[in-house]
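Work through the exercises below with the model open. Try each task before you read its solution.

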Amino acid sequence: EDPNLRYRSRHVDLLVNRDTVREQFVVRSRVTQTIRRFFVEHDFMEVETPILWPHAGGALATPFTTSSQAFGDDLPLHLRIAPELFLKQLVIGGFERVFEIGKVFRNEGIDNSHSPEFTVCEAYMAYADYGDMMAITERLLRSLERELSVSATVFGEGAFDRVDVVSTLRDCVRRSCDGLELPADLNSPDALDELRAAVKTS
């Protein structure tokens, strides 16, 4: 029953809790296979990008830092925090549709919903905008729904709701922060100072 013991001795956990734990591994494998098949069927090419790199980019996170015997301490290396920049370089270089399923590493907190090592899937497509990527993501989620025989209540039935980010953010802040109003112009150079002042007086 001790979760620490279970996670540190996965082989024992699988033997003792075979019915429940084994299914988690099977479902995760099916999810990965379905995602990979979906992108390949939509003419995306799967690629692998570097794990070690002199500069950590593509996200705002603290990287793990290491060194190489070949390069010595003169060239510190970082475990990647995101594959984004490498994938975008491939699109610029002429590969119009690329995706990667792989590990990223972030040297930050850990709890039930955050791990310093986790798997991501990122996909990029030339000549597409956020609307196109939203549509592809919706089709991917429906594909997972069918493959895993998931209830439609997980993602909702029918078309996905399309919401305006800024107005939705304003409503959420207003509801959860006792009527706090975001600055009228979030692009203004003074927006951050206005928000700080509003928070202090609320």
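**Exercise 1. Find what joins Glu-46 and Arg-36, and say which elements hold them.**

Solution. This is a predicted model.
Step 1: The side chains of Glu-46 and Arg-36 meet in a salt bridge, at 2.9 Å from N to O.
Step 2: Glu-46 sits in strand β1 (residues 45-46) and Arg-36 in helix α3, so the pair ties together parts that are 10 residues apart in sequence.
Step 3: Check the surroundings. Glu-46 has 34% relative accessibility, so it counts as partly exposed. Arg-36 has a relative accessible area of 30% and is partly exposed too.

**Exercise 2. Is Thr-34 buried or exposed, and what does Thr-34 touch?**

Solution. 
Step 1: Locate Thr-34 in helix α3.
Step 2: Its relative accessible area is 2%, under the 20% cut-off, so Thr-34 is buried.
Step 3: Follow the side chain of Thr-34. It reaches the backbone oxygen of Arg-30 at 2.7 Å.
Step 4: Leave out residues up to four places away in sequence. Thr-34 then touches Ser-143, Leu-144 and Glu-147.

**Exercise 3. Explain which helices the Arg-30 and Glu-147 salt bridge ties together.**

Solution. 
Step 1: The closest N and O atoms of Arg-30 and Glu-147 are 3.8 Å apart.
Step 2: Arg-30 lies in helix α3 and Glu-147 in helix α5, so the bridge links parts that are 117 residues apart in sequence.
Step 3: Arg-30 is partly exposed at 28% relative accessibility. Glu-147 is partly exposed at 31%.

**Exercise 4. Identify the largest nonpolar core and the elements that build it.**

Solution. 
Step 1: This core has 11 residues, including Ile-35, Phe-99, Ala-123 and Leu-140.
Step 2: Two or more residues each come from α3 (18-41), β5 (97-105), β6 (117-125) and α5 (130-147).
Step 3: Pick one member. Ile-136 touches Phe-38, Phe-39, Phe-44 and Met-125, not counting residues up to four places away in sequence.
Step 4: Relate this to a rule. In soluble globular proteins, nonpolar side chains tend to be buried together.

Definitions and conventions:
Residues numbered from 1 in each chain as written. Predicted model: local features only at pLDDT ≥ 70, side-chain atom pairs only at ≥ 80, totals over all residues. Heavy atoms only, no water. Core = buried A, V, L, I, M, F, W, Y, C linked by side-chain atoms within 4.5 Å. Buried < 20%, exposed > 50% of the residue type's maximum accessible area, 1.4 Å probe, protein only. Helix = DSSP H or I, 4+ residues; strand = E, 2+ residues; numbered from the N terminus. Contact = heavy atoms within 4.5 Å. Polar contact = N/O pair within 3.5 Å; in protein donor to acceptor, adjacent residues only side chain to side chain. Salt bridge = Lys/Arg side-chain N within 4 Å of Asp/Glu carboxyl O.
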